[in-house]
Structure formats: structure tokens, C-alpha cells
Amino acid sequence: MTRRYVLIRLAQVPLTCAGIVLVGFLLVHLAPGDPVLALAGDSGDAEYYARVRADFGLDEPFLVQLATYAGNLVGGDLGTSYTQGRPALDVIAERLPATLLLTSTALVLSTVVGIGLGVAAASRAHGARDLALGAASLGLYAAPVFLVGQLAILGLALGLGWFPVQGMTTARSGATGLAGFGDVVHHLALPALVLASQEIAAITRLTRTGLLEELGRDHIRTARAKGVSERAVLIRHALRRALLPVTTVIGGRVGHLVAGTIVVEAVFGWPGIGRLLVSSVQARDMPIILGVFLLIALAVVVANLLTDLTYAWLDPRIRYR
Amino acid sequence: MSGTAPRSDPVFQIRGLTVDFVGPSGAERAVDGVDLGVRPGETLGVVGESGAGKSVTVLAALRLLPEPPARVVAGQALLDGTDLLTMPSGELRSVRGRDIGMVFQDPFSSLHPSYRVGDQVAEAIRVHDRTVSRSAARARTAELLDLVGVPHPTRRAREYPHQWSGGMRQRAVIAMAIANGPKVLIADEPTTALDVTTQAQVLDVLRTAQRETGAATVLITHDLGVIAEMADRVAVFHDGRVVETATATELFRSPRHEYTAELLSRRAGAIGAPSTTAVLRAPPGPPVLEVEDLVKHFPTGRRATGPAVHAVDGITFTLAPGESLGLVGESGCGKSTLARTVVRLLEPTSGRIRLDGTDITRQGGADLRATRARLRIVFQDPSGSLNPRRRIGDAVAEPLRIHGRHRSDDGRRRALELLDRVGIGAALAHRWPHELSGGQRQRVAIARALALEPRVLVLDEPVSSLDAPVRAQVLDLLDELRSDLGLAYLLISHDLTVVRQVCDRVAVMYLGRFVETGAADAVCTRPEHPYTRALLSAVPVAEPGARAERGRIVLGGDLPDPTDPPSGCRFESRCGQSIARCATVDPSLTHRGTDHECACHLVGAPTGAAP
Amino acid sequence: MVRRPGGVIGVAMVGLLVGVGLIGPTVAPRDPFAIDGPSLASPSGTYPFGTDPLGRDVWSGVLHGARTSLLVAVTVALLVLAVGTAVGMAAGYRAGWVDDILMRITEFAQVLPRFFLAIVVIALFGPGLDRLIVVLGLTSWPLLARVVRAELLSLREREFVEAARADGAGTMRIVVRELLPNALAPALVVLGLVVAQVLLIEASLAFLGLGDPNAVSWGYLANQGQRVLRVAWWPAVFPGLAIVIAVLGCNLVADALNDALGARR
């Protein structure tokens, strides 16, 4: 059953990807006006338009266009950025590391801190610490990430001066090696924390709820009656199953986290794909926009796949069905 | 164990224990000044209705109640003179599971679903003694599982709880409880969630466990039969207090407190004794319901031709107007499926059902709707069978609406009449289902079934979710309705005493088949089939000493896989007397005298006259 | 539901959003686009939330922005409720291949990154509230559909549905009179959470400058404030807090409703 489940789940991935490509393709064709204008903006020259027509097979029938487009994508060709005159993939790839650094730091941070705070809240449920954490996570969960960022800049960067306000490195410092790494970490800390804040709030709440639910179960009473210590009850007996819903959420919120990254990059002037995306929308540089959309959709699909497989691994009832 | 209680001091003692539950509407007293004590080797039975404070008392004594909402107001829980309630929690932890072992009610939820059973037993050992190596703990676990009667303990220890049956899981919990040779063993309704034959097995295991450890045992139960069978002394709980403590023999012979007397008077009579009141009320005439060779299989995969669960596998019976047929069997025997198939909630795989001579097996549309008015069903769980978002007056009138008779029959007035008929006042008609007690809800469900003036009522475990006194009242109501309205009942129950009380005839079901049918009296006093005998002997009798006279048959093992029923007699794998023929030839029901049939190769010619 | 403090606060916050959204623009003292005040005046009696660098009144902007948020919240909620309930009911009651197909579609819609899809649409069709509402509405229903389906699947197994069938009730009657009333409350819980997310997405897009240029929205105001964050906090913080109130209100109402449901069962 396990193998079967994994195989079915893997087989769904290409189908989902194909669906996402189709959605993007259909949108381009639904847009008002000549698709070539939609794809290449209205300020190119005739020669450039001709190349776009050829790239996307725009003179061919609809299905052939779709096939050409899909074929190009499979070959790693996202089209040519008309603002930069270079392959869109190259343009995106340049900016990707900065975004990945920010997103993955926030993902790890939110998972570790969120679960930790959730355990802290549940271990003394309804106590002062629990209530304070509850109120804080409720507020953070409702706050738009740009407000959290702005407040962090006002308080921690401008007010206390602990962190730099903008950017990924100190301009003109030219620091390399360990110093350069430290500089990046110093710049990274605040945006990563801000980006993680909402996820921390979500995971804290979820871990707490899950733990309290688990702690009320009969098998927890059995463990206590056996003489298992409270700490072991919490960590070994309750946490494992309480984390099942958390796993689902972490995978399901990757798309949300990347969206947050775009906003955080705008707040902190972080040189990732966020600013590239915003300027591309203003310039209607479609190959870049579609490329970013497809890449992120792919990331979400993979994250969901990993989540489902982890879930099956954590719950023996799925594994042994 | 009766009469072996040594005269030593109590090893475990509860003194003046008082527990409140603090809710939004203030504190409510759950336990009020309870005193209990149990000596080494002795079994103290704790009996009372649900909500009387039995479980709360022992859980509070071990500080296993969540606080809040619980609050221990006063009292002591002394183990060898040391108070558990004031002990530092680290010390308490080393007492739990080492000096005091606990067995809980629901074996389906009391094991951790994500860890292997063996690891959970081993944890009980290693948590108290870190010097025990993993492999030593594993070996000891296998010994313990073997002791409590788990077959192939080494292999099965590696399985997860969901792969174990309820009875097996309860054995594992007992193994954990005795892993460190406790001084005190506390069992909180250990068999309530189990079938009666499994209950007999688990009670046996508890006896073994007590013998091996010599522990002072506290056995909490609502079942006087279990008390009579197991306890040396008994404490009777009522409304959070102990109203009487006495030796088991004394208590059953001459109860001192009026509540105890009342409790004893309500117990069902010994099931094997001939009934004094049984009157065959079924008038002669054509049957109202005829079921012929009914089969219901559930495909297990997506394909209809693949392996299937043989839930109902060839059932034939008739029901006369005004007659009451009881259908008895343990969980998994297919009795609920049979009920649902007979009332056409499930599509029969094959066979025939006739109502008043009309074939309803494949009816549909308006015909089926007309049939549904005359052939009604009442479900087990009254909290589940009423729509939570409909007031109970409307719930009773709903069948009239569905059948377009609400206006013509003056539905509202009729609903109030029906509620009155089942003993629910008109004032309650505006209540929501969750505002009613379980017994009241079941009365509403019965009123609902009566709304369309049916001929036949199928009752699927109608009282098994109710407490003993309420159960008796609902059964009385059913009896009264039957004679007043001339209804025919098909009553399904796992509990022989219920069937014996209400029914004229009994059918015993095992793995989709009837193994024995006949007049209720005949089947209960002169059971022929080995399964019926085991079933009857497993029912604990609320009479100390009765057990010894009758002897007991404890079945081994669990039900066979219903997707692949044995080719010969279905009971062969668990029958203590099987012969070669049983493994190959499937016995059919044969007459054993007037209105008594049995499907067993061992039962030869009719035995003739009754004693 | 309103007996819990969280529920009371939540209802008050949502009430505030609805009230200000309805009457805010008419009672706003100034035109939020009018460049007629002093630049970056700090909060005072005349300008309760101060002014932005162009001298626009932030208080009036926040009042006008409520209408945009309310419009997005209500229309997206209606779309989500319609699509989600329809899909969830069809999948949950029909089961079999209908369920299979609908659930594959639902899973697919759930992995589509809404935020980025909205950006693609804005890039192709130009910014505007109408298309934003359509995109968010058509991508936000999967969670609701899944909850409605799961509810129906579990309700279908409940004995009262069997009892209704045994009464002779037909499929439509069972769905409408037995299942829907019971599935509605959990659906509303999810709807509250979905609307909260949608409000945040709208604000984020507006903050990035991708919102409707003709509508004042809190995200747009926060974006204007971002540019002068080093010198003035109020142009950014007040609109941001307005968003917190609206989103928190939706979450609190959903939580309270969920608690009330848990108590009922």
C-alpha cells in the first residue's frame, strides 16, 4: 500500500504541472489585444515581435501554440525578457538565491520557533505564559507582513539601531569571507524574522491546539498511569501526533510564505525576485512574470508532495493500511 | 476468590476524598467524602451507575484528573500510609505504574496509536528502571504478553495497536499494569467496551494477573454480575458517596442500604432460569414479515466481483403480527447489517423480504415509501439518530411531513400525542435534542417511529447506550407499546438479558448466520449450540456462587475474518468440541423440537421433553 | 458564541469594518486624494492620523479604504461560498467518480499560488478591483469545498440521516433539510478564515503598487507611508492597524463560532 500510495502521489505531479502551465497559457490568450503585445509589451520593434511570435508559435493554431510553449518550458526556455533582452530564466536565476535564502531561513525559523512556543504554551495551558503567547500569536496572525516589517524597522532598526534598515549587504564595505557572511546574516535577521512572524503565529497556535487535544486523550492517561514523566508525556507521547496537522500546514503554506517574501523584499529592499517581479509587472515583461509564477507553482507542488509523504511516514495507519 | 481475603491492614486507602468539578456555572460536587480500603490479595468491587463518582474517585486518588476542571477539596489517598495527594510529583510518578497499576475502560483509545504495542509495554518497565536493557525489556514484554494470553507474543509485540482486537488490546494494558509487580491494581470498567465472551476472557486474565502479583485489586464496574463474579468485598456508590460497604456474599444476601436493595431488585433474573412470566403473545395467523435466505455482502475493493465481507450470509425467519423476535450476537456478527437490510436501508445482495405478503426486496419509488411507513427502525444511539438542528416536536412530526400527511393528520397535535404516549411532556416539544437525557432521546426516537402507525418495528440495540434503570424503563415502554398497538418487533441486541426480557423468540447469530433459534425460554434454559452455551455462560450472573455451580465456557481467540469465512462450520475455529466433520461440512439449522432449531453436527436427534 | 470575550471583540471589529465601510466615505472630512494639507503633519485634532508627504489626510484615507476592503471581503466571500458549497456538496453527497474528479480539481486549485496568479492577471489585464475579486474568488474556494465535503461525508454516516432515509425521505430532501443546516456552521467558520486571508492578499498587492489606482485602499496607503518611514511613522502605521482590526475580527468570529460548535457536539 505504501509503495502504491507514493507512486500514485508521484504520478499526480506531472499532471498538476501541466494544469498550471495550461492556466498560464490560457490567461495569456484571454487577455485583451494581440497576445504578442501581452507577451512582449508595446514598445518593442518589429524584429523583436517577430521573434516572440516565432518563440511562442503565435502564428500556428491554438493547440500547436500550446505544444510549442510547453515544449519550450520542458527545455527550460521561459522566453526572452524584453526589458533586458536576455533569457528570462537567466534573469530570474540571478535573483533567486537571495529569495531562497530569505524564504528558507524563515521556513526553518518559523517551524522551530513555532513548535517550541506551541509546546511552551501547552505545557502550562491557561497560565500567564499561555495567555500572553495566545494574544501575541492572534495579533501577529492578523497583521499584514508589511506592517510587521515597518514596525520592526521603526523599533529595532531605526529606534534601537540593532539591525540595518535596508538591503542584503552593507554598501561599499567590500567585506568578503567570514566578515561578508556575518554582514549578510546581520542584514538577513530582521526580514527573516518578520517574514517568519505570521507562520510562527500560525504554527504556535496549531501546535498548542494539537497538543492540548492529544493531552486529553486516553492513551496519555495510560502513559501517566505507567509513571511516565510529564516532560516525556508531552514530548514523546503527545507531540508526535500533535505535529501531524502542523506538517500539513507547513507544506500548505509554502505558497503563502513565498508571497510574503515578495512583500518583505519590498519593505527591506532585499534584492530578490520580489522587486524583479514588481518592476516586471510595471513594464509588462510577461516572460519574467509567467516564469516566476510557474517556478513558484512548481515549488508549491513539490512542497505539497513532500508534506503528503512525510504525513504517510508519520502515521502508521496510513502506512500499513 | 471469595472468602480468601486476609485480615491484614489495607495497603491502599482513600479517606474522606471530596472532589469538585469547577464549571462556568460554579462548582459541582462529584465525590463527597469517600472512604475506601483494600487489603493485599483482596478484590474490592466498586459498583454504581454512571456519574456516581466511581472513576473520579480513583483517578483523583492517583492525581490523573485534569485540574481544572477537577479540584480535590479534601481527603487522603494512602499507599502504605503515604498520602499520594500531597506527595511531590516526581515521587508520585515512581509510584504510578510501579506500586499501582491501572487498567482503563476503553482499550481502543488507551494505547498510543503510533507506537508498537511491545514498545509501550516495555516503556512501563524501563521508565521505572533505566538499568534494564532494551533487549531485556523486550524479553520481559514477551513474557508478560504470554502471561495475559496473547498468542505469538514476540511477533505480535511488533504490531501497532490498530492491528489488535479490543480484547487483545485490553490484555496489553493489563500486561503494562502488572509489569512491575504492583501492590495495587486498579481496573476502571475494564470490560465495559467489550463483548460478553471477550469480557469473560479478560476477567479471567485479570484473575491470573492478580494471582501472579498478589496485588490488592480495585475493580470498578456498573455490572452487578461482574461484581458477583470477581469481588470479595463491595463498595456501592450513589451520588458521589459510598452508601454501603460489605462482603459480596452479605451484600447480595442482605443489602442494608435502600439504594443497594433497589439496585439489586433491578438486576435481570438469572438468565438460565426458566421464566415465570413468559406468555406467548403471538396470535396465530399469516406472518407480517418473512425473510428468506437473505444475503448481504460488502465488496472490499472497488470491484464488485472481488473479495467481499460476508456480513449476512443466508438468513431466514418469519415474524407473526404482535410477535417479538430477539436477535442476539456479538459485535461483527452482522446483526446490524441484517436490520438495515431488512428495512431496505441497504440493498440486499440476494434473498427475499415480504411485508404482509408483498415482496419488498426490490421495491422503489412510491411503493418503497409506503413500505417505509409500515416497517420502521429505531437506532442504537439516540443522540445520533435525531437531527441536532431540529426541535424534538418537529422531529416527531417529520415522518408525517415526508409522507405528505402533516396537514391532513394535524401533525403538531399528533406529535404532542405521540410524545405523551412515550412519556415525554408537551413542555419538552420545543427543546433541542442535546437538551434531553439519553433515555428521553430514545423515547423521542420511538415516538418518531410510531408516527406513521407501523406494523413492524426493527429495534437496533435500542437500550445499549442507556444506564440500567433507564434501560428497564425503556424496555417496559416497548413492552407496553407492543401489547397496546399490536406491533411486531425485531429486536437486535448483544445482551441476552435484554432479549430475554422482551422477546418471545430468540435467534442467535454468528458470523452472518443463525446458529440457533427458538422460543426464548427454550434457547436460554436448554441451549444446544456450543456458541449459545458459551454466550450464556459468559453472561455474569448477579449472584455470588452461581458461577461455581454452572461452570463456565471461555471461548478462545477472536472472530474469523468475515471476508473469508471458514468453509465448514463457522464456529469451528473457536469451538472446544469440534470434530473432523466440522472443518469441512457446513451444518444447517435442524429441528430440535417444536420451535427450536440448531445448526451443529454435534447435536444429534431431538432431546425430547423439557426438564 | 458571543458569550466568549474573543467572540464579542471579533463581532465588534467586524461590525466596525462593515459600519465604516458603509458610511466611512460619506463622513470622511476630506477627499483622500486631495493634496491640500501641510506635508507630514503629525496626528492632531485637525488631522487625527496626520498627513502624508503630499499633505493628504490619512484619516480620510483610512475611512475610504474601509469601503474597498469591505467590497473585496463581501464579494469574494459570496463567490467562495457559492463555488465552495456547490463543489463540496456535489463531491460529498454523490461520492464515487464525481467526488474523485471534483477533488482532483479542488486539489489543483489549492496548489495554484493565488498571490502570483493575481499578479499574472494584473500584468495581463491591468490593475483593477473587479478582476482581483474574480481571481481571488475563483482561487479561494478549495478549503471551503473540502470542509463542506468532509462535513457531508461524516454527516452521511450519522444515524439521523439514515433515520430520514428510513422515513422515506428522498435525496434532495435529505441534502436540504438534514445535511445543509448541519454543514453550514463549519462552512462559515472556514469562510471567516478565508476572508481574513483574502483581505491580507488584497492589502499586500496594493502595498506592492499593484492595486486599483482609482480606489483608496489600506495597502496603498501603507505603501505611500513606506517611502517616508524614516521620518514619519503615522502614514504607514494607521492604515496597517486598520487592516489588523478587519483581519483579526474575521479570525476571532471564526474562532468563537468554532468553539461554540465544539461545545454543541
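Visitor: What is the order of the strands in the open sheet of four strands in chain B, and what is the sense of their pairing?

Guide: In this predicted model, the open sheet runs in the order 12-11-14-15 in chain B, with antiparallel pairing. Strand 12 (308–319) and strand 15 (358–359) of chain B each have a single partner strand, so they stand at the edges, with one side of each left without a neighbour in the sheet. Helix 11 (residues 335–342) of chain B packs on this sheet, where it touches strand 11, strand 12 and strand 14 of chain B, and its direction makes about 65° with that of strand 12 of chain B.

Visitor: What makes strand 11 and strand 14 of chain B a pair?

Guide: The requirement is at least two bridges between the strands, and strand 11 (residues 289–299) and strand 14 (residues 350–355) of chain B pair over five bridges in the antiparallel sense. E290(B), for its part, stands opposite R354(B) in strand 14 of chain B.

Visitor: Why is helix 13 of chain B called largely enclosed by the rest of the structure?

Guide: A residue counts as buried if 20 or more other C-beta atoms lie within 10 Å of its own. Nine of the 11 residues of helix 13 (residues 392–402) of chain B are buried, and the helix is therefore largely enclosed. Among the buried residues are I392(B), E398(B) and I402(B), and the cover includes helix 14 (411–421) and helix 15 (438–450) of chain B together with helix 7 (159–167) of chain C.

Definitions and conventions: Residues numbered from 1 in each chain as written. Chains lettered and ligands numbered in written order. Predicted model: local features only at pLDDT ≥ 70, side-chain atom pairs only at ≥ 80, totals over all residues. Helix = DSSP H or I, 4+ residues; strand = E, 2+ residues; numbered from the N terminus. Contact = placed C-beta atoms within 7 Å. Axes fitted to C-alpha atoms, helices over the stretch in contact; angles between N-to-C directions. Buried ≥ 20, exposed ≤ 12 C-beta atoms within 10 Å, placed from the backbone.
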